[in-house]
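Dear colleague,

I am passing on the structure we spoke about, and below it you will find some notes on how its parts meet. Please read them beside the model.

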Amino acid sequence: MTNSQLTPGVVPGRLPATAYREHFADKDPVFDRHEAQVAADRCYFCHDAPCMTACPTSIDIPLFIRQISTGTPEAAAVTIWSQNILGGMCARVCPTEQLCEEVCVREVAEGKPVEIGRLQRYATDTLMAKGVHPFARAARTGKTVAVVGAGPAGLAASHRLAMHGHDVTIYDARQKAGGLNEYGIAAYKAPDDFAQAEIDWLMKIGGITVKTGKSLGRDISLDDLRKAHDAVFLGIGLAGVNALRAEGEDKAMVRDAVDFIAELRQAADKSTLPIGRDVVVIGGGMTAVDAAVQSKLLGAENVTIVYRRTQDKMSASTYEQEHAASKGVRIITGAAPLRVHGDGAVREIEFAYTIEGQDGLALSAETFVLRADQVFKAIGQTLEGQPDGLKLEGRKIAVTGAGRTSLPGVWAGGDCAAGGNDLTVTAVAEGRDAAEDIHASLMAGA
Amino acid sequence: MADLTSNFIGIKSPNPFWLASAPPTDKEYNVRRAFEAGWGGVVWKTLGSEGPPIVNVSGPRYGAIWGSDRRLMGLNNIELITDRPLEVNLREIKSVKRDYPDRALVISLMVPCDEESWKDILKRIEDTEADGVELNFGCPHGMAERGMGSAVGQVPEYIEMVTRWVKQYSRMPCIVKLTPNVTSILPPAMAAKRGGADAVSLINTVKSITNVDLDAFSPFPTIDGKGSHGGYCGPAVKPIALNMVAEIARHHETRGLPISGIGGVTTWRDAAEFMALGSGNVQVCTAAMTYGFKVVQEMISGLSQYLDEKEMALSDLVGRAVPNFVEWQDLNLNYVTKARIDQDACIKCGRCYAACEDTSHQAIAMKPGRVFEVKDDECVACNLCVNVCPVENCITMETLPLGALDERTGRRVEPYANWTTHPNNPMAVKAAE
Ligand SMILES: Cc1cc2nc3c(=O)[nH]c(=O)nc-3n(C[C@H](O)[C@H](O)[C@H](O)COP(=O)(O)OP(=O)(O)OC[C@H]3O[C@@H](n4cnc5c(N)ncnc54)[C@H](O)[C@@H]3O)c2cc1C
Ligand SMILES: Cc1cc2nc3c(=O)[nH]c(=O)nc-3n(C[C@H](O)[C@H](O)[C@H](O)COP(=O)(O)O)c2cc1C
Ligand code: SF4
């Protein structure tokens, strides 16, 4: 193929073959033993450590780092997984700069935190590489639980339930388990099919059956699940997307960023993926940054993120924004899309600058136009396909305590449940805690 | 998970990690929290005689030395034995032991060197249900000036005499805690054994001054312009403690005498080393004082992982390295190794070069591109380069097989032979004609 970065339109193969391999390789490769030792030595083993409080799953970080520094990363992995069974994925995808590492006393003192995420990966990778699954199932209880959604929330809940001896059946609408671990996370954060490897490892606990291609609402109903099982956990994430509400948004080559990313994640050969020469991404979160960065990595010449509010309001962290900038992505803030121009497919997109007033955001008369042969919408995902009869809070499933919904015997957690912050690690924490609550209530009745 | 259950002279504990008699075991509040954190046992902070309690200074009582990153390497203290009333301690000991029957609780004692004092204190502690007593013949400061602590531990006859009294007036297992402030640890250990001790524990702290205040011209910790020597402990004293433990473990007169190893135990690895050199269990003070009670969790996970990997029981570890602790004259002088630098692991700092070129045997070549290579014809295998290299396992010592050529001496590697038969030794034992 003879396409280059300058080829007009939306085409594949803009880069030499070797570039794809390089671009989608591990962003922060695993530490070797020496690096891990040096990094671990910096930990002060703080009392009541702030990092531990900041971690939504409350991993005992000082303890696991001490275990690494004394030459037992295997024991460190057990410490991590006892709190967070997807500690391997979290080590790769957690925005640590907003979580544990942000509050590390060395970040506060020197601006250089202990590299907790990478140490966590070193430990979990070490024991996973040995094929060891260090947890065993309790005696079977005879109780069964249905888990809907095989994302981080559903997987964490399932593992904990199985460990307590319950039999778990997971139903997921997609063809593969993993949720956004498999279909959403940026490719360079979890390369080499890590999501599936981690699931295979997690399933070693036993007692979990996964049924993919089964959609709640289409193939199964909540009523049937409640009849057939002793409890139900919903971890269905956010399957819908917000509409842009700009004129012409139905033109060709205007699409949801999450679909683009899912396709990219599933493509074994990234050079076959068509990408525009001028790509515009609308939004200000992690999805917008990931879509923009990966567009650039696929060879787009110009990639621009346009966000309607001020930069400090972007939900993508400063670290993520800087990462995007380092890849050559341009970020424009304080502008909202007015209309999409083009004959069939998008050609350019018109924006108005916004004014942040007392009663919200208003459009100013000042406009500008960006050339675009591809537009990605990343303005937020929404709950979709939730069963009837569940009380909602805002646009998510209302929960009290450890994920109890308004229906008896039905729990929910992860992105689909109210509260939380739409992070993988939070989904894991909520799934785990709901599982403990389910376990307690099933055993109380036993 | 390996079984870490420990039985030390009949005293059972869920793991071999005990807290040494010191501030961490000073009172009920601490000891309960220590047990909650996972410690297998404690030796209660040393009790004195009935009467007005001991008085401590109210200025600083610690001095310290630090490694890089201000990691605490050595701690020195001028604290005395417990300064709380005897009855309060006894009541608390009883209450803790009742609630934690599975943990070891040993009472440390230090009273004046006369039979009545010892008889009296042993009677008073009788109904605490404690598992044993430890005789503090170790404190090198304060109490020693009053004829107790290391003042007893430095005179083998006193050790033997007091131990005998304790065995006569009490049925409890008796551990004698030794001071390292002696030229040889063997006479005190032998005396304890003669007196009937069930075990010895060592080391207590080493007499020390950690630093001097260069404005006040006083040793530190400075109390109103003056300083006194203290007792030194922490990672820095571990090598001293290990050697003393090992000497007792291998000497034909003391071999088999149970040992509770103390001195700088900070990680599972330190504990395993003490046990390999003959300690039945270990006691910890400074590591807990530096990092809090939670450190024991790493010791537990680390030791059990190690035992699992070695497929060894805890009891197999105890004393495992003792037969290999020999005199210098028994070392194989025909054993030849050479340093090897792993070029992939090398970070090109050049420290090995500086060390060998300036202070050893000029056996490392620095080549273009900062490539460092060992010259086999110069390397005497001292392993200084290994020790100064910041990257673990980057430089290793390779053993030359029998018959291989040692390029430095031009000779082939021969079978075992030591100094006792070496031709350069004027006292060499001649092989029978
Ligand atoms: C592009 C993108 C990048 C992200 N990057 C990061 C990151 O770097 N770090 C981070 O911490 N977080 C990141 N997140 C957020 C993170 O992925 C989510 O918070 C997390 O995956 C939520 O887990 P979950 O289990 O609640 O939902 P999901 O991971 O969304 O899983 C839900 C599962 O439910 C299934 N499902 C949905 N509806 C039904 C139905 N009706 N019937 C059956 N099954 C159904 C879905 O197929 C899916 O498998 C990112 C999100 C996106 C979109
Ligand atoms: C502040 C302080 C007080 C101590 N008090 C006692 C004591 O009362 N009785 C005793 O037997 N040892 C006492 N020790 C010595 C410890 O029990 C232990 O033998 C020594 O600290 C070495 O162990 P470590 O290196 O783990 O600290 C004390 C140590 C410290 C630091
Ligand atoms: S540790 Fe600090 S606060 Fe606590 S008693 Fe000592 S000097 Fe006081």
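Buried area here is the accessible area (1.4 Å probe) that two parts lose on being put together, summed over both. By that definition, chain A and chain B bury about 1,600 Å² between them, with 45% of it on carbon and sulfur atoms. This is a predicted model, in which local features need pLDDT of at least 70 and side-chain atom pairs count only at pLDDT 80 or more, while totals for chains, interfaces and linings use all residues. Residues are numbered from 1 along each chain as its sequence is written, chains are lettered from A in the order in which they are written, and side-chain values use heavy atoms, with hydrogens and water left out.

Between the chains, 19 residues of chain A are in contact (heavy atoms within 4.5 Å) with 19 residues of chain B. The count of salt bridges (a side-chain nitrogen of Lys or Arg within 4 Å of a carboxyl oxygen of Asp or Glu) between chain A and chain B is three, and in a salt bridge the side chains of B:K294 and A:D60 meet at 2.7 Å, N to O.

Within chain A, the domain assignment, which is automatic or from a database, gives domain 1 (33-128), domain 2 (144-239 + 383-444) and domain 3 (243-377). Domain 1 and domain 2 of chain A bury about 1,800 Å² between them, of which carbon and sulfur atoms give 75%. On the domain 1 side, A:I85, A:L86 and A:M89 lose the most area to domain 2, together 36% of what that side buries. Between domain 1 and domain 2 of chain A the count is zero salt bridges.

Best wishes
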